[in-house]
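Me: I would like to learn how to read the features of this model with you, one at a time. Could we begin with how the elements are named, and then go through the fold?

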Amino acid sequence: MNYFEFEKTIQDISKKLSVHQSKEIPKREISQIDKIIFHCTAQNWNVWQVCDYDLKPNHIDASGCPCITYTYFIEKNGTVYKCLDFDVKSWHVGKWNASSLGFCIAYNGNPKIKPKKIQIQKAIELAAYLCLKLGIEPKNVLGHRELEETGFRFVNGEKILRKECPGLAINLDDFRENVFSLIKIWSKNE
Ligand SMILES: [Zn+2]
């Protein structure tokens, strides 16, 4: 598997997913993207169920989001879906929406149970692919819980987690290390 072989395995469902009936799709310049954000569903939902949830009244917006909140989605069996074009500013991380691109794995986030190996493998490949495609360094691949305000806040000098996403069973430093290693391998075999 190299960069181009990985790219060919991605299934583009961006034209098949529903969008909100009346809300306009928010846009941005692709050059604004400087980080990649790792999420989990926190539910046992597939990509179609996540899209349904996002479009209906939900925890993000009382009248629903304009479109699915994640640009890529990885199912339990490792299938990687592209859900949105890069210029869509989806609503996944509050004030960081314009400057970040989100991907999500179908995983409930149980701190005692890791996601399936194939999902982590595909997440590493997807993050490496996006780093190369968008010119982003692996240190800027972050878990949702690592983003200030949406993921954590400082209260009286103490860091308080607001989200565990993508799940405390996932060590994000190890994940970035694996992304970095794969980028090196892919760059050598170009
Ligand atoms: Zn999240």
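Predicted model: local features only at pLDDT ≥ 70, side-chain atom pairs only at ≥ 80, totals over all residues.

Reply: Helices (H or I, at least four residues) and strands (E, at least two) are DSSP runs, numbered from the N terminus. Residues are numbered from 1 along each chain as its sequence is written.

Me: How is a sheet read, and what is the order of the strands in the open sheet of six?

Reply: Two strands pair if DSSP finds at least two bridges between them. Here the pairing is mixed, and the six strands of the open sheet follow the order β1-β4-β3-β5-β2-β6. The edges are formed by β1 (11–12) and β6 (141–143), each of which pairs on one side only.

Me: Which strands does β2 pair with in the parallel sense?

Reply: β2 runs parallel to β5, and six bridges join the two; Lys35 stands opposite Ser100 in β5. β2 also pairs in the parallel sense with β6, over three bridges, and there the bridge partner of Ile37 is Leu142 in β6. Elsewhere in the sheet, β3 (residues 72–74) and β4 (residues 80–82) pair in the antiparallel sense over three bridges, with Phe73 having Tyr81 of β4 as its bridge partner.

Me: How should I judge whether a strand such as β2 is covered, and how many of its residues are buried?

Reply: A residue is buried if 20 or more other C-beta atoms lie within 10 Å of its own, exposed if 12 or fewer, and partly exposed in between, with the C-beta atoms placed from the backbone. For β2, five of its six residues are buried, and the strand is mostly covered.

Me: Which strands does helix α3 lie across, and how does one read its direction?

Reply: Axes are lines fitted to C-alpha atoms, for helices over the stretch in contact, and angles run from 0 to 180 degrees between N-to-C directions. Helix α3 (residues 117–134) lies across β2 (35–40), β3, β4, β5 (100–105) and β6, and runs at about 160° to β3.

Me: At what angle do α3 and α4 pack, and which residues meet there?

Reply: On the α3 side, Ile124, Glu125, Ala127, Ala128, Cys131 and Leu132 meet Phe175, Asn178, Val179, Leu182, Ile183 and Trp186 of α4.

Me: Is Thr69 buried or exposed, and what does it touch?

Reply: Thr69 lies in the loop between α2 (47–55) and β3, and it is buried because 24 other C-beta atoms lie within 10 Å. Leaving aside neighbours within four places in sequence, Thr69 is in contact with Asp54, Ser90, Trp91, His92 and Gly102. Thr69 and Cys51 are 18 residues apart in sequence, and their C-alpha atoms are 7.7 Å apart in space.

Me: Where does Asp87 lie, and which residues does it touch?

Reply: Asp87 is found in the loop between β4 and β5 and counts as partly exposed, with 13 C-beta neighbours inside 10 Å. Not counting residues up to four places away in sequence, Asp87 touches Lys27, Arg28 and Ile30.

Me: Finally, which residue in the hairpin of β7 and β8 takes a positive phi?

Reply: β7 (residues 152–155) and β8 (residues 158–161) pair in the antiparallel sense over four bridges, one of which has Val155 and Glu158 as partners. Two residues stand between the strands, and Asn156 takes the positive phi, near 50°, although it is not a glycine. Asn156 is exposed, with 5 other C-beta atoms within 10 Å. Ala42, in the loop between β2 and α2, also has a positive phi, of about 65°, without being a glycine, and Ala42 is partly exposed, with 17 other C-beta atoms within 10 Å.

Key:
Contact = placed C-beta atoms within 7 Å.
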